[in-house]
Amino acid sequence: MATSKQTYKVCFCFRRKFKLIVAETPIEIKTLFETYSENGFMNVDHLHRFLIEYQNEDKATKEDAQAIIDTFKHLNIFQRKGLHLDAFFRYLFGDINPPLSSTLGVHQDMTAPLSHYFIYTGHNSYLTGNQLSSDCSDVPIIKALQRGVRVIELDMWPNSAKDDIDILHGRTLTTPVTLIKCLRSIKEYAFTASPYPVVITLEDHLTPDLQAKVAEMVTETFGDMLFTPGPECLKEFPSPDSLQKRVLISTKPPKEYLESKSIKEKGSVSQKGNDPAEEEAWGKEVPDPKLKIEADDKTDPNVEEDSEDEEDQDDGDRKQTTEPKYKSLIAIHAGKPKGGLEEALKVDPNKVRRLSLSEPALEKAAITHGTDIVRETFSEYTQREHASTHRTTIHISGGCMELRWSLSICRDTADHYG
């Protein structure tokens with residue numbers, strides 16, 4: 001560390017000196033500066049040579065070097081001759097000299113299964129503001145895709161006439177936007193920032209006839225861009241490289257969604273029977289006012305239509321035509337399996353899936369089920385000799401945060417795309 005003397009005025013009359021401790025330039029930086037400078041200054045030509053020879057930025061131009069020097073114009077350390085030692089030191093450790101070149105692009109191995117990567121993920125991607133009273137729009141979705149977000153979340157609800165699908169934060173004062181408008185915007189802007197796949201996570205609150213309409217909209221909008229697993233579940237995630245310019249759908253299959261909703265409603269009404277050990281494992285979620293409303297709506301015939309019992313009473317024709325068409329679009333199945341967290345963390349050799357946890361829930365689970373999380377998250381890397389394959393993405397939600405990260409680390413170093 002080094003010291004320098006600075007002065008300031010007191011009552012506009014007196015001047016007082018004080019010592020300011022500043023970071024001293026390391027000897028290695030001084031030596032480097034002397035190698036690529038002349039008479040105490042590094043001009044455009046010197047800096048350009050430094051970028052190419054020392055930084056290995058083969059495509060760097062003199063314009064790039066001049067741009068770096070110009071960034072110091074607003075500081076009192078700027079010199080027209082070029083960078084002096086202090087400016088060069090600030091440049092090396094400043095934001096304009098990131099660890100990886102901004103022009104480098106994706107250089108990691110992108111041929112591993114999708115679950116091996118960190119994924120830039122949106123939460124309530126359609127909201128323009130708060131989650132209770134703001135407008136819903138495709139504009140935030142477009143902006144997210146332009147920033148490189150690769151996962152877009154849409155909450156689907158029937159419109160007021162029950163003949164179309166709206167996107168909104170359910171049972172709040174948010175104003176809706178139509179599903180088709182969101183889908184068309186996703187198609188237009190999906191790959192403006194990155195060629196790697198876009199995953200659309202759907203929170204489904206629809207009746208079977210509207211699910212069929214969603215299947216039709218999605219198929220017609222995306223066409224060949226849509227990746228579908230076929231009649232059977234995926235047994236292993238494809239790689240980001242093989243999924244370039246493709247769109248994937250992730251949601252709970254219809255029957256699984258109806259089962260979980262029925263269980264949630266029964267639990268909300270009774271307020272009893274919660275296993276303390278299980279609640280400790282999963283963690284307590286942030287209170288959601290809409291859950292109470294859902295419980296109050298238990299006697300609502302529209303809600304009852306979504307129950308599993310009601311689904312079983314549907315005529316056979318609708319089950320045969322509606323459910324397979326909608327379900328066949330789901331590339332990544334979501335949901336919390338029965339049996340609690342320990343059961344959820346078991347690797348299923350026959351299908352891939354997505355498991356969503358809030359941050360508080362993960363913290364709790366790390367204490368109570370730490371071994372299971374490590375085994376599941378690192379299954380391929382730590383158990384390669386047993387031919388174990390990682391098949392689950394753990395989705396970590398930040399509560400009301402705008403961004404959510406999909407965590408699944410199976411490699412020596414975790415990569416991210418988006």
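Buried means a relative accessible area under 20%, exposed means over 50%, and partly exposed is anything in between. Keep that handy for the exercises below, which all work on a predicted model.

**Exercise 1. Is Tyr36 buried or exposed, and which ring does it pair with edge-to-face?**

Step 1: Start with the accessibility. Tyr36 has a relative accessible area of 8%, so against the 20% cut-off it goes down as buried.

Step 2: Now look for a partner ring. Tyr36 makes an edge-to-face aromatic pair with Phe50, with 5.5 Å from centre to centre and 75 degrees between the planes.

Step 3: Tyr36 sits in the loop between helix H1 (27–35) and helix H2 (44–53), while Phe50 belongs to helix H2, so their pairing ties together parts 14 residues apart in sequence.

**Exercise 2. Follow the rings on from Phe50: what geometry does its pair with Tyr54 have?**

Step 1: Check Phe50 itself. Its relative accessibility is 1%, so it counts as buried.

Step 2: Read off the pair. Phe50 and Tyr54 are stacked, with centres 5.6 Å apart and planes at 15 degrees.

Step 3: Compare with the cut-offs. Tyr54 comes out at 47% relative accessibility, so it is partly exposed.

Step 4: Zoom out. Phe33, Tyr36, Phe50, Tyr54, Phe88 and Tyr91 make up one aromatic cluster, and a search of the whole structure turns up seven aromatic pairs.

**Exercise 3. Where does Gly82 lie, and which residues does it touch?**

Step 1: Find it on the chain. Gly82 is in the loop between helix H3 (62–70) and helix H4 (85–92).

Step 2: Check the accessibility. With a relative accessible area of 4%, Gly82 is buried.

Step 3: List its contacts. Leaving out residues up to four places away in sequence, Gly82 touches Phe41, Met42, Asn43 and Ile69.

Step 4: Phe72 is 10 residues away along the chain, and its C-alpha atom is 9.7 Å from that of Gly82.

**Exercise 4. Over which residues is the pLDDT below 50?**

Step 1: Get the overall picture. The average pLDDT of the protein is 75, and 65% of the residues score at least 70.

Step 2: Pick out stretches below 50. Residues 269–273 are one, with three contacts in the model beyond near neighbours in sequence. Residues 277–322 also fall below 50, and that stretch has 70 such contacts.

How values were computed. Residues numbered from 1 in each chain as written. Predicted model: local features only at pLDDT ≥ 70, side-chain atom pairs only at ≥ 80, totals over all residues. Heavy atoms only, no water. pLDDT = per-residue confidence, 0-100. Contact = heavy atoms within 4.5 Å. Helix = DSSP H or I, 4+ residues; strand = E, 2+ residues; numbered from the N terminus. Buried < 20%, exposed > 50% of the residue type's maximum accessible area, 1.4 Å probe, protein only. Phe/Tyr/Trp six-rings, centres within 6.5 Å; stacked < 30°, edge-to-face > 60°.
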